Every structure is written in structure tokens, then in C-alpha cells.
Amino acid sequence: MEAKATKRKKRFSRTGLKGWQKYIPHICFALFFVVCVIAPVISMFCNITADGFRELVSSSQFGPAVGNSLLTALVAAIFSVVLASMAAYCLERTKIKCKSLFSILFAVPMLIPSISHAFGLVALFGRNGMVTNWFHATSYIYGFWGIVFGSLLYSFPVAFLMISSIMRYEDGLPHKAAAILGIPAWRRTLKITLPYMKKTLLSAFFAVFTMVITDYGVPLAIGGKMKTLSVLMYEKTVAGMNYNLGSVVGIFLLIPAVLAFVVDLLNPEHGQNNFAVEKIEQQGKIWVKVIAYLFCILLSLFVLAPIIAFCTMVFETKYPVNTAFTWQHIVNTFQRGAGEFLGYSVLYAFLVALFGTVISFLCAYTTARIKGKPSKVLHLVSMLSMAIPGIVLGLSYVIFFHGTAFYGTILIVVLVNSVHFFSSPYLMMYNTLSKLNHNLEDVGASLGIGRFRLIWNVILPAVWTTLLEMAVYFFVNSMMTISAVSFLSPPSPKPVSLMINQFEAQLLMECAALVSLMILIVNVIMKVGALLIKKYIGKVKKKK
């Protein structure tokens with residue numbers, strides 16, 4: 001009997017305890033997401049009162065704000081996906097040169113805050129804009145079309161990167177077979193490429209729609225009298241300190257993001273492989289290349305013109321009255337603490353890049369390399385932050401962490417940005433780890449190699465490029481974000497991106513433009529630095 005009891009104990013220690021220990025990382029990450037994502041959002045829900053709900057819904061501003069938000073987001077999303085699809089087609093399906101240059105130019109708007117694009121449009125097409133004065137125009141860009149074009153500028157690169165990356169891996173065998181049957185290229189695109197791209201196009205549309213409807217930077221700077229839900233939330237919460245009404249607006253802003261998340265989950269990627277058996281033959285006809293060149297050049301000018309416009313404002317004595325060259329705005333901006341603010345922003349961004357990369361790598365390793373139902377559940381939970389707009393997450397953190405020792409410190413800024421931008425780097429690493437040999441852990445265990453040693457010596461060297469891309473993503477987005485951090489009370493000095501709103505409110509457009517330029521320069525340096533590191537390590541590995 002004693003022998004049987006001892007056997008049962010050993011069996012329990014081999015299976016039950018080991019199985020429980022296997023899922024310790026899942027439990028830790030589940031607690032992390034409960035505290036950092038779920039609980040803050042629930043606290044925002046709990047902050048809503050019936051009186052506050054009735055007050056907002058019955059107000060004269062609410063109805064028009066909902067209509068304006070839906071309409072501008074819908075139009076901007078349609079334009080963005082169409083332009084991104086055309087740009088991706090030009091770069092992936094034609095034999096034009098300078099493709100890398102065009103790809104970089106199309107991605108530049110991702111390196112500055114959304115409000116900066118609105119400043120650029122005002123500098124070009126505003127009441128005293130450069131183009132407005134040249135042509136003596138009497139109509140201006142403020143209002144609906146200003147919001148649409150401003151939103152299009154900063155959301156287009158996201159759609160372009162999503163569409164071009166998946167278009168690059170489309171298999172060319174179906175196209176080759178269709179060409180042999182005499183089916184023309186335009187029909188092959190409609191009948192083969194579009195069905196293949198359906199999932200990505202849908203995801204890009206909802207991603208852009210969510211970005212636009214939750215952004216308050218563009219409508220705040222160029223919307224004029226036209227208010228959106230995000231602006232209403234900004235006014236009620238940041239300016240009016242009314243968290244009750246802000247929470248009600250936050251719930252309405254959460255709806256489209258959650259719907260986009262659900263639609264994305266319900267449309268799995270059928271038929272989209274990570275590699276192409278045979279690449280699609282690119283079109284080399286002269287007229288096709290001419291059209292592709294013209295489109296890419298015009299699109300590059302459209303994307304870069306507002307950025308160039310607000311950069312020139314920095315060096316003008318008084319825009320638009322006196323365009324004489326001056327350094328005074330740079331001196332004034334730094335006298336107001338821009339240099340110190342920039343230094344702290346870089347510090348915040350480095351801490352977010354470090355913490356965010358580590359936590360997202362460990363979470364991706366847990367879900368991608370440890371098999372079982374808990375991994376699948378954690379994978380879904382890990383993408384929850386994708387469904388929460390930054391403006392809503394920031395307000396949730398204010399309500400949930402207010403009054404704690406954690407509130408008002410650097411740590412809360414690092415945490416909110418890490419959570420806000422978590423999903424995309426996590427998915428990057430999850431996809432990379434999923435492609436590695438699934439027997440690595442089993443081989444390591446049979447050789448007596450511990451999991452941590454295996455990760456350090458085998459996994460990390462294999463995925464270092466993805467790790468670098470993740471760190472850059474966290475850094476760049478932390479430098480330019482204004483949505484989540486604007487609702488918090490970080491220690492002085494605040495992130496430099498918040499100075500843009502401050503200068504805009506004081507009508508110091510030249511100083512606001514300089515801050516945008518500073519953020520752009522830092523982010524470009526970071527991107528170039530990461531590229532040089534990749535090339536250097538690649539050369540070292542080749543020599544070995």
C-alpha cells in the first residue's frame with residue numbers, strides 16, 4: 001500500500017506539479033493584462049453615471065460630433081486604403097526604380113504626431129497659407145476636408161505597409177496559369193489578387209478607421225467649428241477635468257475599435273502564405289512604368305509637402321506676414337524648456353523601448369512556444385490593447401491609478417505607452433517565433449539545456465532583427481504620441497510632444513512646428529541607426 005501511495009505521489013509530482021509550473025508565465029501575464037488593461041477600462045465604465053450619460057447624449061454637441069466622427073473616419077479610411085493599394089501595386093508589381101526611396105518617403109509621416117500634419121496643411125491651405133496667398137483663394141481647408149486630408153496623411157503609411165508587405169508574398173503560379181489561358185492582367189488582379197488581399201484590405205480599413213475616429217490632434221488643429229467625438233472628449237477631460245462626461249465619450253470611442261478587433265478575429269488569413277512559390281512577374285511596359293512613376297512622385301509630394309511647409313515656418317520671422325529668415329523661434333522654443341522636454345522624451349522613449357520589447361518578447365515566447373489552450377487564450381488577451389484607443393487608455397489610467405504612489409511618476413508614462421503600443425510588436429515577434437523549429441525546446445531538454453539558456457544562446461540570436469524592429473517601433477511611437485499621455489500628469493517636464501498642443505493654444509505656430517521638427521529628426525536618427533546596426537551585424541555574421 002505504501003509503495004502504491006509513493007507511486008501516486010511521484011506521478012503527481014511528475015505531471016500535476018510540472019503541468020502547473022509550465023503555465024506560471026501565462027498566469028503572470030494574465031495578471032499583468034488584468035491590472036494594466038482590463039481593470040483600468042472597467043474603472044472607466046464604473047465612473048459613468050446615468051446623469052452624466054443623459055447630459056452628454058442630450059447635449060447639442062453630441063449628435064453632430066458622432067456624425068462628424070463617423071463621416072470623416074469613413075471617407076479618410078476609404079481614401080487611405082485606395083491610395084495605399086495603388087502605391088503598393090506600383091512598387092510590388094511594376095519594374096520602376098527607386099522603390100526603396102519611395103517606400104521611405106511614404107513612411108515618413110509615421111515619424112511625427114498627427115497634429116503636425118494639420119499644421120502643415122494650415123501652412124499651405126489655411127487662411128494665410130502659402131498656396132492660398134499665391135492663388136488668392138477665398139475658400140480654406142478648415143472643417144471636413146481639412147480633417148479628412150490631415151487624417152489621410154498620417155494614416156496612409158499604416159495601410160501602405162500592411163498592404164505592400166502581404167502583396168509581396170502573393171504566389172505567382174495562379175497568375176502564370178491565368179496568363180497562359182489568355183486572361184488579361186487587369187482581370188487577374190480582380191479575380192486573383194483582390195480575393196487574396198481581402199483580409200488585409202479589411203484589416204487596413206478598420207485600422208485606419210479606428211485611428212482617425214479616435215485621433216483628436218488633426219480635428220483640434222484644423223477642424224475649425226467642426227467638432228468630433230475625440231475633440232469633445234479632450235475638451236471635457238483635459239480642459240474641463242470632467243472625468244464623468246469624458247468616460248461616456250470614451251465608451252463611444254471604444255465601440256468602433258472593439259468592432260474592428262472582432263472583425264479582424266472573425267476573418268482569419270486563409271490562403272496568405274509567408275512565402276511565394278513563384279514570384280509574380282512585374283510589368284515592364286513603358287506606359288505602365290510612366291503611370292507608376294507619376295503616381296509615386298505625386299503621392300510623395302502630397303505626403304511631404306505639409307511636412308516641408310511646417311518646417312519652413314520655423315525659420316520665418318512671423319508667418320505669414322514676414323517670411324524673412326530668423327533663428328529667433330529656435331531660441332524662444334528652447335528658452336521655454338524644449339531642450340529639457342526633448343531630453344526627457346528621449347528617456348521615456350528608451351525606457352518604453354526597453355520595457356516594451358522585453359515584456360512583448362516574453363509574452364510572444366510564452367504563446368508561440370508553449371503549447372496548450374492557455375497559450376491560445378493568452379494570445380487573444382495579448383491583442384486586447386489593439387482594441388483600446390490611446391485616448392481611452394489614457395483616461396482609464398487617470399481614473400484607475402489616481403491617488404496611488406504610481407500616479408504622476410515616470411513609471412506611469414512608460415507603462416501606458418508600453419501597453420498602448422504592445423500589440424503590433426507582440427505580433428511581430430509571435431509570427432517570427434512561430435516560424436522557428438518547434439522541436440528546439442524538446443532537443444534542448446533532452447540535452448539537459450535549460451529553457452533560459454536556450455533562449456539566450458539560440459532563440460535571441462535567431463530573432464535579433466525582429467527585436468530591433470520592436471524596440472524602434474516602441475521608441476518612435478513613444479516620441480510622437482500625444483493621445484494617452486495628455487490625460488496623465490507625468491512629472492515636469494512632460495513629454496515634448498505635449499508642447500505642440502501648448503504652443504498651438506498660444507498661437508505660437510512656429511514654435512509648435514519646431515517641436516514637430518525636433519521629433520522628426522530624433523525618430524529619423526533612430527531609424528537610420530537601426531538600419532546601420534542591421535547592416536553592420538549582417539556583415540560581421542557573413543565574415544564569420
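Which residues in H16 meet which residues in H20?

1. Basis of the note. This is a predicted model, in which local features need pLDDT of at least 70, side-chain atom pairs count only at pLDDT 80 or more, and totals for chains, interfaces and linings use all residues. Residues are numbered from 1 along each chain as its sequence is written, and side-chain values use heavy atoms, with hydrogens and water left out.

2. H16 and H20. On the H16 side the contact (heavy atoms within 4.5 Å) consists of Ser 360, Phe 361, Cys 363, Ala 364, Tyr 365, Thr 367, Ala 368 and Arg 369, which meet Pro 425, Tyr 426, Met 429, Tyr 430, Leu 433 and Ser 434 in H20. By class, this contact of H16 with H20 has ten nonpolar, three polar and one charged residues. Ala, Val, Leu, Ile, Met, Phe, Trp, Tyr, Cys and Pro count as nonpolar, Asp, Glu, Lys and Arg as charged, and the others, Gly among them, as polar.

3. Geometry of that pair. Helix H16 (residues 338–369) and helix H20 (residues 423–435) pack at about 40°, and their axes are 8 Å apart. H16 is therefore oblique to H20; angles under 35 degrees count as roughly parallel, over 145 as roughly antiparallel, 65 to 115 as roughly perpendicular and the rest as oblique. Helices here are DSSP runs (H or I, at least four residues) numbered from the N terminus, and angles run from 0 to 180 degrees between N-to-C directions.

4. H16 and H23. H16 also packs with helix H23 (residues 464–480), at an angle of about 140° and with the axes 8 Å apart. The two helices H16 and H23 are therefore oblique to each other. Residues in H16 including Leu 342, Phe 350 and Phe 361 meet residues in H23, among them Leu 467, Phe 474 and Met 479. The residues of this contact of H16 with H23 divide into 13 nonpolar, five polar and no charged.

5. The nonpolar core. Of the 158 residues in the largest nonpolar core, Phe 106, Phe 156, Tyr 397 and Leu 433 touch the most other members. H16 gives the most to this core, with 13 residues. Such a core is a set of buried (under 20% relative accessible area, 1.4 Å probe, protein chains only) Ala, Val, Leu, Ile, Met, Phe, Trp, Tyr and Cys residues joined through side-chain atoms within 4.5 Å.

6. Tyr 397. Not counting residues up to four places away in sequence, Tyr 397 touches Cys 36, Pro 40, His 402, Ile 412, Leu 415, Val 416, Val 419 and Leu 488.

Definitions and conventions. Buried < 20%, exposed > 50% of the residue type's maximum accessible area, 1.4 Å probe, protein only.
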